[in-house]
Amino acid sequence: MIETIKNYLNEQRDQHIEELMQFLRIPSISAVAEHQSDINRCAEWTAQSLKQAGLENIEIMATGGHPVVYADWLHAPGKPTVLVYGHYDVQPAEPLELWNTPPFEPVIQDGKLFGRGSTDDKGQLLLYAKVIEAFLRTHGSLPVNVKFCIEGEEEIASKNLPAFVEKYKDKLQADTIVLSDTQMQGPGKPALMYGLRGLAGFEITVDGANSDLHSGLFGGAVQNPIHALSKLLSSFHDQNGRVAVEGFYDRVIELSDKEREAFKQVEPDESKVRSDLHVETLYGENGFTFYEQTTSRPTLEITSVSGGFQGEGIKPIIPNRASAKIACRLVAAQVPEEIMDAVEHHIHALSLPGVKVTLDRQLRGNPFITPIDEPVMVAAAEAYEDTYGVWPVYTRSGGSIPIVEVLGRVLDAPVVLLGFGLPGENLHAPNEHFHLVNWDKGTETISRFWLKLAAMYE
């Protein structure tokens, strides 16, 4: 069956690439209000593309912001249901002067398709529509049941999708969720990203006297909020780089031996990291490698500090307020609200006389993980190997994509990040592009993945 699918995709390749170029010509920039009509036009184009592929029950569904495109094909009784998530919105193209070609006039050069959205995420998203078309045109059916949930706000943090998923969780219910919006390790080197860190962001404010005070008249007798804040911030870590907040690590799932071994395949050269960053030594929690520290361990980072006179010269005062912003990256199975509770308890347990300390909770995002031995992950790894000739490496990201965790948690299904982008394809930057070799291998990998999922239910 796979050879028939590959032959069809090869025969239709030029037409499919031309359709992708049509997709890329729509400047569906979600962050800029003046592109609202383009967002709507792109949602309609996406819906029409799914209809053309053979999907059914297609809807452009309203949210509190940009619409979601839904479609399904549910005629494989006894087989699993796969929910395909993606996004049709793109980042702004500025600075325009740094593009070698117009960002919304896609061109192919040296086997690469240039244009905003080519790798993030229109190129990777359209792979799924073409796989469905290939199965339906050659065999009249799909090996699995399929649903699509394609949003228009991913590039502005999916502001309305969590509520949408909660509202329509029965409609979206699936046995597994798959998305292609990540990168491979390198050319010909597939990667399965199985973990993302979560986020807890907050601002700490320290208030002292009711106004700034003359440091000569009041210095030494009235608490300085910057002094108090400095004491507080220095208490957040011990001398070995470990977060000193009680309970901070209670929910952390430690790495397995298998994961540690897998990490050795992707661990960067720490001497090169030091050289690239122009630092003499790296610093972090003892007992963990650089890659482990930046992907599988939680952090508490002070991202900014402010207080007192910031202009030129020195103004000899005791400021009446100081503040700091904190970003905690979290790992499974930490909970943002619990972490902020722990930090707040830590603050109030510290003796800071003469000031009032408050914590303003601002950002929350749960961490995500799909175990690498989950059956759907094994099927994905085998599909990669059959296509690329090598077993994928397993990676975690130090960053956060909160909607991935929302989908997995609300729908109670494992999430597979089946990426086909490459490092250096300039997503979010000028001259974004997508290597078309991974268009061909992407459709093959997805086809093999679905066949393997179907075989699991025989």
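Modeller: Two strands pair if DSSP finds at least two bridges between them. Keep in mind that this is a predicted model.

Colleague: What makes β4 and β5 a pair?

Modeller: The bridge count. Pairing needs at least two bridges, and 3 bridges join β4 to β5 (residues 112–114). So the two strands qualify as a pair. They run antiparallel. One of the bridges links Val107 to Phe114 in β5.

Colleague: Which strands form the sheet, and in what order?

Modeller: The open sheet has 3 strands, ordered β4-β5-β18, with antiparallel pairing.

Colleague: Why are β4 and β18 said to stand at the edges?

Modeller: Each has a single partner strand, so one side of each is left without a neighbour in the sheet. β4 covers 107–109 and β18 covers 433–435. Neighbouring strands of the sheet are turned by 25° against each other on average, direction ignored.

Colleague: Why is Thr295 called buried?

Modeller: Buried means under 20% relative accessible area. Thr295 has 5%, so the label applies. Thr295 is found in helix α11 (residues 290–295).

Colleague: What makes the Thr295 side chain and the backbone oxygen of Tyr291 a polar contact?

Modeller: The cut-off is 3.5 Å for a pair of N or O atoms, one able to donate a hydrogen and the other to accept it. A polar atom of the Thr295 side chain lies 2.6 Å from that oxygen. The distance is therefore within the limit.

Colleague: Which residues does Thr295 contact beyond its neighbours within four places in sequence?

Modeller: Arg197, Phe263, Val331, Arg396, Ser397 and Gly398.

Colleague: Take Val331 from that list. Is Val331 buried or exposed?

Modeller: Buried, because its relative accessible area is 2% and the limit is under 20%. Val331 is found in the loop between β13 (321–330) and α12 (336–349). Leaving out residues up to four places away in sequence, Val331 touches Arg197, Val252, Thr295, Ser296, Arg297, Pro298 and Pro367.

Colleague: Are Cys149 and Cys328 buried or exposed?

Modeller: Cys149 counts as buried at 1% relative accessibility, and Cys328 counts as buried at 0%.

Definitions and conventions. Residues numbered from 1 in each chain as written. Predicted model: local features only at pLDDT ≥ 70, side-chain atom pairs only at ≥ 80, totals over all residues. Heavy atoms only, no water. Helix = DSSP H or I, 4+ residues; strand = E, 2+ residues; numbered from the N terminus. Buried < 20%, exposed > 50% of the residue type's maximum accessible area, 1.4 Å probe, protein only. Contact = heavy atoms within 4.5 Å. Axes fitted to C-alpha atoms, helices over the stretch in contact; angles between N-to-C directions.
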